[in-house]
Amino acid sequence: MAGITGKDAVLTRYADSLATLEAPKGRSLTQDAMRRLVRNKAAVASIFILVVVVLVAFVGPYFVPWGYGQVDWTAIRKPPDFAKGHYLGTDQNGRDMLARLLQGTQMSLVVAFVATFVSVTIGIVYGAVAGYFGGKVDAIMMRFVDIMYALPYILFVIILVVIFGRNPILLFVGIGCIEWLTMARIVRGQTLSLKEREFVEAARAGGASPLTIIFRHIVPNLTGPVVIYATLTIPEIIITESFLSYLGLGVQEPQTSLGTLISAGSGLAEALPWMLFAPAIMLVLMLICLTYLGDGLRDALDPKDR
Amino acid sequence: MIAYATRRVLSALPIVFIALTVCFIILRLAPGGPFDGERALPPAVLKNLEAYYNLDKPLWEQYFIYVGGVLRGDFGPSMVNTDFSVSQLMGIGLPFTLMLGFTAFIVATTVGIITGMVTAVYQNRWPDYLLVFLVMIGLVVPNFLMANIVQLVFGVHLRWLPVGGYTPGSFIHLVLPVIILSLPQAARISRLMRGSMIEVLGTNFVRTARSKGLGTRLVLARHAIKPAMMPVVSYLGPGLSYLLTGSLVVEQIFALPGIGKYFITAALSRDYGLVLGTTILYMVIILVLNLVVDVIYAWLDPKVRSR
């Protein structure tokens, strides 16, 4: 008879509690990685600073009283002057340095993201195709990568930029087209091991075409290495862009980039030090944060060192 | 060993050839030419100039003339520095660039390996934190910016070292360029060395060596260094090409007479012969150095040889 010992009631309550209680949560690999990343103080601080820099670079210009190409005839070569709204001083043409700094940061960021996107896309497609098809295709495709590796790539960027004019779009694409080599190698290596796994075999048995297998089954599994490498590519591209701008091959006036600003400021650093300091600090700050973030992501997503 | 080296040399030759062809085509497709100036040349003069440099012939014929010349070791005349042949100009610039590059290479490798080892051995104690911070600075501050800073500090304010320029045989003119050129390399090598050394120090054979009573120094010297060096050695090849790229900047900033300076001015003035010549030279240097690194790698790791 039910209810004498109270056993049934306890069991029912227990069964009810099991039904309403959510299943114990397993942690996915991504959640695991996020937890490790959040525990890395340097990486979290870097993310925070980078978000602030991006916001300031893109929203800031609307709050600055001067335009980046606007000349203030009453304040040429002046140190920071809060009354007039030149918070970082003016350059030798009387243009507001804060406005120019923000525009330059914006340009460097855009170049970096577009070029990284181009290089990551080319690298993934190339590496995945070479790794998946293997054999002769792989040998020929990777031989080509070896050839490109052996070339002094900066010479090609310089030749391209000199020849086809200083077009910012060309600059993005040109840098991106050259930085994909390492990405392709990493992706190929990962693909080689992924394509032997059971889920790829299952897809093949199910009649999926090679392209579907590559893009639906293999590429999503490459997220980790791709994210790490992309984060480490961004600072490299920012340096390349500022180097080209420094040589006078980058962005054209009145637009500017951090490299152009540093190049302009370095010649006048004795007389007008504020022209060198602000862009230099901004550049170094961004590069440090991106490097720490890349390191943090690598430790979080690829925890074999712990 | 010799068979391995021969195979590598033979596989490197087509690379130079393909790259030369690509460069040639890109350069000629480009608008502008070496004789464009503020004032247009009279048509008759231009015609004679183009005939002299073979520029009036069809492109494929120019290509074969050029390749034929290169195979005989003749890079043709410079079209802007009209008193010199390309070979002469490169003969002036090359020894300097090589000297600068190798000095920086030795400095960077030595400093990088030592700091990498120190940071690994003192992991998470103050020498580690200090050096890792310095390495980070070396890694992220672009060399043109760092060059400006050291020029200002040591050249202009303290007046210890010359800001730029070079007189043959002068040592002090090389101090700043070598520091600037080797700093990012030293930083990269140091990071690699730290990572691999920490890994090696955690392995069982190191623990065994420690447990039989060897001191830290002996463990490092006899057991840990060789395996920890492997990633560094494989980085040296790409590292060298980074060094040559860097020397382009450093030569420009410190006004040094190497081939990097010629390359930039030549590209800007469409001096076809000089651009192609310097590009080939850079490629050959990088390929030769990569080859040397590969052979060293094969010597260190017998598994590579059989591939």
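In the predicted model described here, Val250(B) touches Asn143(B), Ala147(B), Pro177(B), Ile180(B), Leu181(B) and Leu256(B), leaving aside residues up to four places away in sequence, where two residues are in contact if their C-beta atoms, placed from the backbone, lie within 7 Å. Residues are numbered from 1 along each chain as its sequence is written, while chains are lettered from A and ligands numbered from 1 in the order in which they are written. Because the model is predicted, local features need pLDDT of at least 70 and side-chain atom pairs count only at pLDDT 80 or more, whereas totals for chains, interfaces and linings use all residues.

Val250(B) is also listed among the residues with the most contacts inside the largest nonpolar core, together with Leu101(A), Ile262(A), Leu283(A), Ile180(B), Ile189(B) and Phe263(B), and this core has 142 residues. Helix α4 (residues 97-133) of chain A gives the most to this core, with 17 residues. A nonpolar core is here a set of buried Ala, Val, Leu, Ile, Met, Phe, Trp, Tyr and Cys residues joined through C-beta atoms within 7 Å; a residue is buried if 20 or more other C-beta atoms lie within 10 Å of its own, exposed if 12 or fewer, and partly exposed in between.

Chain A has 13 helices and zero strands, and chain B comes to twelve helices and zero strands, with helices (H or I, at least four residues) and strands (E, at least two) taken as DSSP runs numbered from the N terminus. Buried residues make up 39% of the 306 residues in chain A, and 36% of the 307 residues of chain B count as buried. Among contacts with a separation of 6 or more, residues 24 or more positions apart account for 68% in chain A, and the corresponding value in chain B is 72%. The C-alpha atoms of chain B fill a box of roughly 85 × 55 × 30 Å along the principal axes.

Between the chains, 26 residues of chain A are in contact with 33 residues of chain B. On the side of chain A that touches chain B, the elements giving two or more residues are α5 (135-150), α6 (153-163), α11 (223-246), α12 (258-267) and α13 (274-301) of chain A. The residues of this side divide into 22 nonpolar, three polar and one charged, where Ala, Val, Leu, Ile, Met, Phe, Trp, Tyr, Cys and Pro count as nonpolar, Asp, Glu, Lys and Arg as charged, and the others, Gly among them, as polar.

Within chain A, α4(A) and α11(A) pack at an angle of about 130 degrees, with their axes 8 Å apart; axes are lines fitted to C-alpha atoms, for helices over the stretch in contact, and angles run from 0 to 180 degrees between N-to-C directions. That angle makes α4(A) oblique to α11(A), since angles under 35 degrees count as roughly parallel, over 145 as roughly antiparallel, 65 to 115 as roughly perpendicular and the rest as oblique. Residues of α4(A) including Ser108(A), Val111(A) and Ala112(A) meet residues of α11(A) including Val226(A), Ala230(A) and Thr233(A), and by class this contact has ten nonpolar, five polar and one charged residues.

In chain B, Ala255(B) has a positive phi of about 50 degrees although it is not a glycine. Ala255(B) lies in the loop between α9 (216-253) and α10 (259-268) of chain B and is exposed, with 11 other C-beta atoms within 10 Å.
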